[in-house]
Amino acid sequence: MQHSVDPSVIFGENRTLGPGRRKLMLGALGVGVVATAASIVLGLAGDGQRFQRAWLVSLAFFLTLSLGSLFFVAINHVTRAGWSIVVRRQAELFASLLPLLALLTLPVLVPLVLGSGELWIWNDHAWVEGHHHMHHKEGWLSMPFFVVRVAIYFAIWTRLARSFLRNSLAQDADGARVHTGRNQRLSAPALLLFALSVSFASFDLLMSLDPLWFSTIYGVYIFAGATLGCFAVLILTSMLLQRSGRLEHAITTDHYHDLGKFMFAFVVFWAYIAFSQFMLIWYGDLPEETRFFANRATGVWGDASYALLFGQFVVPFAGLLSRHVKRNKPALAFWAVWILVFHWLDMQWLVMPNELHEGVAQPALFHVLDVTCLLAVGGIWVAGYAWLARERSLVPERDPYLGESLAFKNV
Amino acid sequence: MTSIDPTLVEERPGDRPPILDGPNDYASVTEDVCRIAEPPVTQTPKGWLMGFALASTILLVLGAMVAHLFLTGVGVWGNRSPVFWGWPIVNFVFWVGIGHAGTLISAILFLFRQKWRTSINRFAEAMTIFAVMCAGLFPGIHVGRVWLAYYLFPIPNQMQMWPNFRSPLLWDVFAVGTYATVSLLFWYMGMIPDLATLRDRATSKVRRLAYGIFSLGWTGSNRQWHRFERAYLILAALATPLVLSVHSVVSFDFAVAQLPGWHTTIFPPYFVAGAIFSGFAMVVTLMVPARQFFGLKRIVTVRHLEAMNKVILATGTMVGYAYGMEFFISWYGGNPAETFTFVNRAFGPYAWAYWIMVSCNVLAPQVFWFKKARTSIPIMMVVAIFVNIGMWFERFVITVTSLSRDFVPSSWGYFSPTWVDVLTLIGSFGLFFTLFLLFCRFLPTVAMAEVKAAMPEPGHGHAERPPAGGAEPAPEGGR
Amino acid sequence: MNPEHAPGQGPEDGVHAVVAEFSHPHDLAAACEKVRDAGFTRWDAYTPFPVHGLDDAMGIKPTILPWVVLAGGITGCGGGLLLQYWANSIAYPFIISGKPMFSIPANVPIMFELTILLSAFAAFFGNLLMGGLPRFSNPLFRMPRFRRATSDRFFISIERSDPRFAEAKALLSGLAGAVVVEECPVDTSSDEIPRVVRYTGLTVGLLALAPFFLFFTARNTTSTEPQFHVVPDMDFQPKYKAQTENDMFADGRAMRLPVAGTVARGELRDDEHLQDGTIDGVWAKDLPPSITGDAAFMARGREVFAIYCSVCHGLDGRGDGLVTRRAQQKGLSWVRPTDMLQDTVRVQDIGQLYGTVKNGIRNMPSYAAQIGVRDRWAAVYYVRALQRAGYASLDDVPPGERAKLEKKGDD
């Protein structure tokens, strides 16, 4: 039986980013801008293709985290979940970074518009001419239509994330339940739009890197990784906030336990989806499908494939199995960081080895541009978070389910 | 049938409506549930007897069809070149899919702490087991030489042969076998405390003995409960990936082949969503008349049905997503055989089946976007039956359209079922309903112990919420 | 663990336990804390449903069941892998659909299922056995009041074997909410299994053994009786087998000869020039009239030659094909195929070349089974071209093409 705690205890908490916010925002922005400049210089001076790919990896990494957060918000509203209220504001803020990420697509979209086929090879007309399997979808994978689609995806996500955050913030101000009702009503259609937009966005941004390859489960695969990453990031930000003396009593071991359970569940779900995709392609053994895994079966990318198998499934599965681990903060933090590292590797693994020109050597596993691009997107993303959080509460402090969430005890 | 429960008050966002309707205490829950199973054989309700007579007659039809099949051979079915996987596999996948809701409600919703599940989980679990039995029937009888059906299992034999573990058909044997076993254990284990209740209330010696044996001497000791709860949680945690795996493995039967329309990577999650979808529809189909007939309206409320309808809407939309993705990728991939298969499904000789599937599975549940439809008994009943029909046709479309027109036009054909096919399918419903009616009559149809554990404690101030309509400790305002 | 007394062996005063009844779970929980703090060890609480917080109130230690389940799961996973490895790689290896004997991706589903199966067995049977179930005889069942323990009442029972039993009754009577406190007598009834159960069990057990007995006798006896036909349709089919009698025909044979002059479809060979390459027994000098020797026919000939002839004769017909070179490399005794460009072959009529393909010559076998009539002509048509090309001069090249050859130099 769940008992309720008087939700007003939350007002005794240090529940805003407060004085450290400016420093965080400017520091992160500084890192982001410097890293962006460095990346662009390195890209222009040296390997432009690597720059575009590394940028796309970093973009995909943070984009999936924000999309996972959007999903987290929507699914908690649609299921009327009570336990998660104390961490929901974090997810709302991360999701609201989606318009910022739209801006961060420019370093890859501008070269595309200028006619570069270095990243998305279907923009290289000579190459398309030589592949008759491309001809029927030339209209779909054409620069103008592609850019329009990307704009539509970001418009949908921005709209949804803004609505969720706006209603939630309005409730902070007036405490009216009607805001909860609005978000609940929005959540079901939001999930439908989310499913469609994320699927097609992953087809466009990532799957079309090898435009000859296709897999119906690809959208679900991206979704699984996104949600997994979202839980890891929620665990880590909650811990960082608590370590700096914020929300010390609102978020309890039981919330971490539940977030840990979800992280564990999505480790398994990701493995299930990844295995389904791999096994069916391996078993069917059709050349137009195996090309994806063939590109990732040899050299350093073969090692990366094994690293993903163990790093994103086997090891964290064993590590997160025990409830003691999920209730132990340092251990859970370790696994959350681990998951994020391998989620990044997953994105790297999807974007990098798509060599379609015969005789071209495989790209290197790591490159200095990977780091600078990650710092660039990450810095701007964190700065955006600090800017969005402002003086706002880090908990939806007058949510009707808050009392339930504060009292939450895991079985 | 009533259209709306009088107790279903409009709730405000943020409310937690009670799980049960009306005034309930532990004794009334016991009474409501036990009185269904307790009347002596001579006082069996007439309606039940009529239902049982009908169901067992249909079961006899199944028996006759199986006997006819065994004595004559699989030629009595419509399975022939090029469609060698005809109705039996369609029926198998249909029934296995139905069998997914029970474990989903029991296990996944348990892990998600959805307490409303306690009112319906027993029902759904029983349904799972009977549906899996119906499903298991078809692979068993379709092998032609049924006395060699044990070849399906890795049993040491005089020919020193072993089954091919690289074949998805063998995975199926393990998946469905494991699923049936674990579902049975889960069902039975959850039922032990309730069987003990029936034992302790039994007035006749035979009943006391029978329930006594199956309740294994359960006393409700907290030292037993402590371990029981942990075991139940573990079984739920095991059943959750299991339930996903079973229909995934069933989908592998199709998806590892290179046949257009079968070989696509989204099959595993798509099949799982479809299975949950059809299973929930079947639960609604059964639950609506059962709660009426057995007087369980206070325990299985319209809110429970509404929650199930939401799941139906969600999974139905997921199935629609998968249909769309398949279509899109069949074009995007540029394989002319794939493209043809999907165009052929929608506009070829089986277009009628395809559009039945789409309208029943994707369009019909969309009415559940409206609360009025979700809480209206007639509408949900109609939609649930549509979904049952639609999901059968989904398996028909997948199996038959792909097989009947593959790569080589010279080997195309048109599949038609025989009367034996039709009567066998109908007969399998007889098996299902016979078992189901027996369950309703003799076993605890609602998980009493779980309902009681989820109830607010009567007469105690710490209740999560007072009964419907009451005031609540409003968290709003705050300051 | 439940403390146990074999029925009839209780202490002299005939008391098994003192039992207190409560009507509210919260009273029970409070009472349990008191009993725990008073230092009792052999006692238990009985409830119709699991009451949360009672484990702590009673001081029950966490169960080791999860470890038992983990052991079951590991056994299932490893056992599943071993079973598949042993069965398909060692005991009964065979290749199917191009998969390796030991294919891990294909073994994952069964490993997974067996992991779940054995874990579930461990959870189910571990729960029962560790809880001392089944236990059909219990003195508490003799108390009419106790029957409500599975419906709506809550009980605490302190057993006779507890060292502090003397204080038990006083303690229980003093507890808040204890409705009734009474003594549970020792079970003095017979511990024999009821006769119905015994005989039913015995009968079922014997019947269950019957199939094994039947198998055993069937395997260890010989019989002159004909085989038992389970389904006669397959063993006795309404058809005549080869070489059997049939009275319907005068000659008494089931097999019928074809009508005189019957020709199988596509087997009519009345065009001597086309089929044999001769005209009235003399090698033909040209292609048969039904075949037009154009560029397409030449291209086909080149294909056929490359597929069937070049492996021995070489792509240029000089007799140094891959097989020849390999045999020479290995030092095998190998008759080098004829150089088709040498004069003895060049003077042969095209019909004779055709005849060689069809009938074979010396070491070369007939290719009639592999190459169809038209393709044989195509191949020899191409051989004619090769022979001419081997002795070609620049004059043979069309004027437009000459420039190309000159540019490429001595290629």
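These are my notes on a predicted model, taken chain by chain and then at one interface.

**Entry 1: overall form of chain A**

I began with the secondary structure of chain A and counted 16 helices and 0 strands. I then looked up the radius of gyration of chain A, which is 22 Å, close to the 22 Å from the globule rule for 411 residues, so chain A is as compact as a globular protein of that length. The C-alpha trace of chain A spans about 70 × 40 × 40 Å along its principal axes. I noted that 49% of the 411 residues in chain A are buried. For contacts in chain A with a separation of 6 or more, I found that 83% come from residues 24 or more positions apart.

**Entry 2: H1 and H2 of chain A**

I recalled that a pair of packed helices is described by the angle between the axes and the distance between them. For helix H1 (residues 20–45) of chain A and H2(A), the angle is about 145° and the axes are 6 Å apart. I listed the residues that meet: A:Ser39, A:Leu42, A:Gly43 and A:Leu44 come from H1(A), while A:Gly48, A:Phe51 and A:Trp55 come from H2(A). Sorted by class, this contact has 4 nonpolar, 3 polar and no charged residues.

**Entry 3: H5 of chain A**

Which residues of helix H5 (residues 106–113) of chain A are buried? I found A:Pro107, A:Val108 and A:Pro111. These residues cover an arc of only 100° around the axis, which puts them on the same side of H5(A). As background, an α-helix has 3.6 residues a turn, so residues three or four places apart point the same way. On the face of H5(A) turned away from the buried side I found the exposed residues A:Leu106 and A:Val110. I also asked what covers the buried residues of H5(A). The cover includes helix H2 (48–78) of chain A, the helix that also packs on H1(A). After H5(A) comes A:Gly115, with a positive phi near 100°.

**Entry 4: overall form of chain C**

I repeated the survey for chain C and got 14 helices and 6 strands. Here the radius of gyration is 47 Å, well over the 22 Å of the globule rule for 411 residues, so chain C is more spread out than a compact globule. The C-alpha trace of chain C spans about 125 × 80 × 40 Å along its principal axes. I noted that 28% of the 411 residues of chain C count as buried. Of the contacts in chain C between residues at least 6 apart in sequence, 69% join residues at least 24 apart.

**Entry 5: the sheet of chain C**

I traced an open sheet of 4 strands in chain C, in the order E2-E3-E1-E4 with antiparallel pairing. Strand E2 (43–46) and strand E4 (178–185) of chain C are at the edges, each with a single partner strand, so one side of each has no neighbour in the sheet. The twist averages 20° from one strand to the next.

E2(C) pairs with E3(C) in the antiparallel sense over 4 bridges, and C:Ala45 has C:Ile156 in E3(C) as its bridge partner. In E2(C), C:Trp43 and C:Ala45 point one way, C:Asp44 and C:Tyr46 point the other way, and all are buried. C:Ala20 is opposite C:Val181 in E4(C).

I then looked for what lies across the sheet strands and found helix H1 (residues 25–37) of chain C, which lies across E1, E2, strand E3 (154–159) and E4 of chain C at about 20° to E3(C).

**Entry 6: C:Asp56**

I located C:Asp56 in helix H2 (residues 54–58) of chain C. Is C:Asp56 buried or exposed? C:Asp56 has 12 other C-beta atoms within 10 Å and is exposed, since the cut-off for exposed is 12 or fewer. The C-alpha atoms of C:Asp56 and C:Arg36, 20 residues apart along the chain, are separated by 9.7 Å.

**Entry 7: chain B against chain C**

How many residues does each chain give to this contact? I noted 57 residues from chain B and 60 residues from chain C. On the side of chain B, the elements that give two or more residues include helix H1 (26–37), helix H2 (46–72) and helix H6 (168–201). H8(B) gives the most to this side, with 16 residues. By class, the side of chain B that touches chain C has 29 nonpolar, 19 polar and 9 charged residues.

Key:
Residues numbered from 1 in each chain as written. Chains lettered and ligands numbered in written order. Predicted model: local features only at pLDDT ≥ 70, side-chain atom pairs only at ≥ 80, totals over all residues. Buried ≥ 20, exposed ≤ 12 C-beta atoms within 10 Å, placed from the backbone. Arc of directions from axis to C-beta. Contact = placed C-beta atoms within 7 Å. Rg over C-alpha atoms; globule rule 2.2 N^0.38 Å. Pairing = 2+ DSSP bridges. Axes fitted to C-alpha atoms, helices over the stretch in contact; angles between N-to-C directions. Nonpolar A, V, L, I, M, F, W, Y, C, P; charged D, E, K, R; others polar.
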